[in-house]
Amino acid sequence: MNKNRQETIEHAKQYVYSILHNDSSGHDYYHVLRVYEMALVLSKEQDVDLFVISMAALLHDLDDYKISDVGSKRVEQYLNNQNISEKDIIIDIIDNMSFHSHKEGRIVNTLEGQIVQDADRLDALGAIGIARVFAYSGVKNRPIYNNDLDDDSSIAHFYQKLLLLPDLMNTTEAKIIAKERVAFMELYLNTFFAEWKV
Ligand code: NI
């Protein structure tokens, strides 16, 4: 990647930092950095556009309904301001990659998008994934657990979404990492329930 593009990526990091460094919902700057770095790992030996992947990963949560106002257009505005010619493909990836979009039947059809989607989903798993569920639930005033796996508690969320993610991974490598991370979460849940019953 040429110097100009590297500089654009560094600028995007700083922009994201300026918006998300105070987030306490699990969608903070370090979540974004992990998604970006994991996306680069998943891109190894793939014939993909690393600039598109980098920008989509860095900007992916800026307009997410979980952390911003309805109708927020920060991604589009930023890409316009920076004169990024890949704007449309980056926006398309971000619009279609969330679990919310998945439930609406929307799909990510470029390998670049599939890689960023996998990287974001991987960050919902493992030790960090566990920390993020509880952080998000805290921000949303949701309970830890109510002896019910169908309500909106943190523990129910493992069964409604997180444990299902390995099967939804697009790339083989992400699937392997996801399975390892879910195995750790299952160990955590077993211990949780053992303590719950006293
Ligand atoms: Ni995210």
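This dialogue goes through several features of the predicted model and how to read them.

Q: What conventions apply to this model?
A: The model is predicted: local features need pLDDT of at least 70, side-chain atom pairs count only at pLDDT 80 or more, and totals for chains, interfaces and linings use all residues. Numbering runs from 1 along each chain as its sequence is written, and side-chain values use heavy atoms, with hydrogens and water left out.

Q: Which residues coordinate the nickel ion?
A: Donors are N, O and S atoms within 2.8 Å of the metal (3.2 Å for Na, K and Ca); water is not among the atoms, so sites may look incomplete. Here the nickel ion is coordinated by His31 (NE2), His60 (NE2), Asp61 (OD) and Asp120 (OD), at 2.1 to 2.3 Å. Along the sequence these donor residues follow the spacing H-x28-H-D-x58-D. Helices (H or I, at least four residues) and strands (E, at least two) are DSSP runs, numbered from the N terminus.

Q: Why is the arrangement around the nickel ion called irregular?
A: Ideal angles at a metal are 109.5 degrees for four tetrahedral donors, and 90 or 180 degrees for six octahedral ones. As a rule of assignment, four donors count as tetrahedral if all angles lie between 85 and 135 degrees; four count as square planar and six as octahedral if opposite donors are over 155 degrees apart and all others between 65 and 115; anything else is irregular. The 4 donor atoms here subtend angles of 84 to 167 degrees, so the arrangement is irregular.

Q: Is Asp61 buried or exposed?
A: Buried means under 20% relative accessible area, exposed over 50%, and partly exposed in between (1.4 Å probe, protein chains only). Asp61 is buried at 3%, and Asp120 is also buried, at 17%.

Q: What does helix α2 pack against?
A: Helix α2 (residues 29-43) has 15 residues and spans 21 Å from first to last C-alpha, close to the 21 Å expected at 1.5 Å a residue; the expected span is 1.5 Å times one less than the number of residues. Its buried residues include His31, Val32, Leu33 and Tyr36. The buried residues of α2 pack against α1 (3-20), α3, α7, α8 (126-139) and α11 (172-197), where contact means heavy atoms within 4.5 Å.

Q: Which residues have a positive phi?
A: Most residues other than glycine have a negative phi. Glu45, in the loop between α2 and α3, has a phi near 65 degrees and is exposed, with 84% relative accessible area. Val198, in the segment after α11, has a phi of about 50 degrees and is exposed at 92%.

Q: How many salt bridges does the structure hold?
A: Side chains of opposite charge can pair when their charged atoms come close. The cut-off used is a side-chain nitrogen of Lys or Arg within 4 Å of a carboxyl oxygen of Asp or Glu. The structure holds 7 salt bridges. One of them joins Glu7 and Lys3 (3.1 Å, N to O); being 4 residues apart in helix α1, they are separated by about one helical turn. Another joins Asp123 and Arg132 (3.6 Å, N to O). Asp123 is buried at 6%, and Arg132 is buried at 13%. Salt bridges with shared partners connect Arg34, Asp123 and Arg132 in one network.
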